[in-house]
Amino acid sequence: MLKLSKERSEPDQNDPAYLISYAHHLERQARQLETEKQMVESERLRLQREVNNLKVELERLRSPPLFMGYIVEVLDNKTAVVRSTTGPNLVVTVSRQVDINELKPDARVALNQRTFSIVTVLPPTQDPMVQKMELIERPGEKYADVGGLEAQIQELKETVELPLLKPELFEKIGIDPPKGVLLHGPPGTGKTLLAKAVAHETQAAFIRLIGSELVQKFIGEGARLVREIFEFARENAPSILFIDELDAIGSRRLDLATSGDREVQRTLMQLLSELDGFNPRGDVKVVAATNRIDILDPAMLRPGRFDRIIEIPMPNTESRHEIFKIHSSGMNIKGEVDFDYLIQMTEGATGADIKNVCTEAGMFAIRSNRDHVLNDDFSDAIKKTTGEKETTARITTGFI
Ligand SMILES: Nc1ncnc2c1ncn2[C@@H]1O[C@H](COP(=O)(O)OP(=O)(O)O)[C@@H](O)[C@H]1O
Ligand SMILES: [Mg+2]
């Protein structure tokens, strides 16, 4: 039985029909295997690529971080002095991949972690400048927005505006216009406002640098930034470089005990050298402002630097009247405002305080669901702001 069935199921190997169909079968199988082979091959290629990518990534993850530094001096084509952002100046070798021509003083470079050799030159930074300086092409503030301070405006016109607008006048007469003007006075008296107004009237680019921010946020880079900012001012000329809160960089330091102090000192030295170095007849003017002229380094006040020192005083009765008018002019006021009373009540207040009073008066109107401001809102606002002043002990002498 077994034998029989086997015989029946087993084809005759010599049967031509069988052989043909068997050949067809094998051909189909071969084709199928060929496609499978191709698929496997392409899969292999894909995986190979992935392995390569992962290898590169692994390499990247394994590579140690590089230190950053700045070129101080290039000694020859193999060695340079760099200042690392963390420590002292180092004499290091330059990798052969680095183009020696790109190594200029102050260029940013990446340093090998162990040998400190220069591996690559990094692109120069732009962002600290962008962050640190406000380039306000034309501030909106006008001289008419400044209450009082007529004499100070006149002086700024002569020292900043005139040299920018009519440089030939100084040339003809044969004198150098002042390079820099220093505004000083109590906070809130309108120094920043005045600097903006000058820039508005001269149509110059207005670059504002805030001293305290420079010192706090750019430790180790202050000096370099000062240089870059002057460069930037020259590129954007005619321009007014306004250094606000100068005391943060320009104050006198008796002992340079901490590295922070030394850093501020370096920034100050750079500022002085920039002030000394630039052409008074050029179309860059420096206006600086400080609340604390008493703590400024005397070097700052030497002639040839800020050779005009303009005091911005507390506003007197007349100026306070003008400042009230300026800040209330846009307000929707109903009835008469007793300015005489307001002026009397704001003895010892600054322009900023008066602006505050006006804003606060508007707030009183809003709280009372009115769309207009009344005289009482102003007197309430004075009471409120002076009360706040007393409680927060921010009181400016006399403003009660
Ligand atoms: N003399 C002034 N005339 C008009 N507004 C003033 C005057 N002084 C100060 N202010 C107002 O107070 C704000 C702050 O003054 P600001 O110029 O920043 O003072 P400072 O720079 O002297 O500390 C100004 O934007 C302005 O609204
Ligand atoms: Mg200011």
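Hi everyone, let me start with helix H2, residues 16–62: its 47 residues reach 67 Å from the first C-alpha to the last, close to the 69 Å expected at 1.5 Å a residue. Please keep in mind that this is a predicted model. Of those 47 residues in H2, the number buried is zero, so the helix lies largely in the open.

Next, the sheet. We have five strands in an open arrangement, in the order E3-E2-E1-E4-E5, with antiparallel pairing. Strand E3 (89–93) and strand E5 (118–121) stand at the edges with a single partner strand each, so one side of each has no neighbour in the sheet. On average, neighbouring strands here are turned by 45 degrees against each other, direction ignored. If you look at strand E4, residues 108–111, you'll find it joined to E5 by three bridges in the antiparallel sense; Leu111 has Ile118 in E5 as its bridge partner.

Last, a quick stop at Pro167, which sits in helix H5, residues 167–173. Is Pro167 buried or partly exposed? It counts as partly exposed, because it has 15 C-beta neighbours inside 10 Å, and a residue needs 20 or more to be buried. Pro167 and Arg281 are 114 residues apart in sequence, yet their C-alpha atoms are 6.9 Å apart in space. Thanks, everyone!

Definitions and conventions. Residues numbered from 1 in each chain as written. Chains lettered and ligands numbered in written order. Predicted model: local features only at pLDDT ≥ 70, side-chain atom pairs only at ≥ 80, totals over all residues. Helix = DSSP H or I, 4+ residues; strand = E, 2+ residues; numbered from the N terminus. Buried ≥ 20, exposed ≤ 12 C-beta atoms within 10 Å, placed from the backbone. Expected span 1.5 Å × (residues − 1). Pairing = 2+ DSSP bridges. Axes fitted to C-alpha atoms, helices over the stretch in contact; angles between N-to-C directions.
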